[in-house]
Amino acid sequence: MSTKRPFWETVPLAKMSRAQWESLCDGCGKCCVNKLEDEETGEVFPTNVACNLLDGHTGRCRDYARRKTFVPECVRLTPEKLAGIEWLPSSCAYIRLSRGQGLPEWHHLITGDPESVHRAGASTRGWANSNTISWKTGRFEGGRYSFQPVSVTVASASPPLTNR
Ligand code: SF4
């Protein structure tokens with residue numbers, strides 16, 4: 001049995017190869033939903049309205065390589081940006097590793113199965129899409145999404161506020 005520790009436990013985020021860095025994304029899709037910010041408290045509330053490019057089934061971008069062409073405001077995550085980003089969920093692999101936490105047990109690098117994030121109820125599958133006209137807001141709690149009884153009125157469709 002191998003005792004070699006996996007790269008995410010031994011290589012700092014800033015030293016990872018591009019392939020290692022990209023493989024950390026668990027495909028939860030939570031960074032790709034529009035969010036609302038309470039102007040007074042700064043608290044960020046995710047909604048069930050997703051970026052047009054989010055694949056609601058896989059939880060991944062449908063055109064990751066060219067996403068900036070279609071969604072110019074999409075943020076490309078880097079190790080340097082992580083500390084200043086308030087809208088990523090606490091379950092995000094990049095956030096967890098930047099805080100010295102390990103990967104969650106359902107992460108595909110541990111299970112070997114990209115479906116495990118969805119089975120664990122830790123992704124946007126089933127509740128977020130880009131075509132919804134019925135906005136809901138909620139909170140990410142314990143890696144899951146819980147809807148809160150908050151009604152939101154929007155005058156017109158908005159572009160995505162935050163994306164990976
Ligand atoms: S929140 Fe983090 S782990 Fe989830 S899809 Fe976005 S970048 Fe990947």
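A residue is buried if 20 or more other C-beta atoms lie within 10 Å of its own. I used that rule on this predicted model, and buried residues make up 27% of the 164 residues in the protein chain.

**Overall layout.** I looked up the secondary structure next and found 6 helices and 4 strands. Reading along the sequence, I wrote down the order as α-α-β-β-α-α-α-α-β-β. I then took the contacts between residues at least 6 apart in sequence, and 60% of them join residues at least 24 apart.

**Core.** I turned to the largest nonpolar core, which has 19 residues. Cys32, Ala50, Leu54, Ala93 and Tyr94 are the members that touch the most others in it. I noted that strand S2 (44-50) and helix H4 (93-98) are the elements that give two or more residues to this core. H4 gives the most, with 3 residues.

**Ligand.** I listed the residues around the ligand and got 13. The closest are Cys25, Asp26, Cys28, Cys31 and Cys92. I sorted the shell by type: 8 of its residues are nonpolar, 2 are polar and 3 are charged.

**Threonine 111.** I picked one residue to check by itself. Threonine 111 lies in helix H5, which covers residues 108-111. The cut-offs are 20 or more for buried and 12 or fewer for exposed, and partly exposed is in between. Leaving aside neighbours within four places in sequence, I found threonine 111 in contact with Trp106 and Ser116.

Notes: Residues are numbered from 1 along each chain as its sequence is written. This is a predicted model: local features need pLDDT of at least 70, side-chain atom pairs count only at pLDDT 80 or more; totals for chains, interfaces and linings use all residues. A nonpolar core is a set of buried Ala, Val, Leu, Ile, Met, Phe, Trp, Tyr and Cys residues joined through C-beta atoms within 7 Å. A residue is near a molecule or strand if its C-beta atom, placed from the backbone, lies within 6 Å of it. Ala, Val, Leu, Ile, Met, Phe, Trp, Tyr, Cys and Pro count as nonpolar, Asp, Glu, Lys and Arg as charged, and the others, Gly among them, as polar. Two residues are in contact if their C-beta atoms, placed from the backbone, lie within 7 Å.
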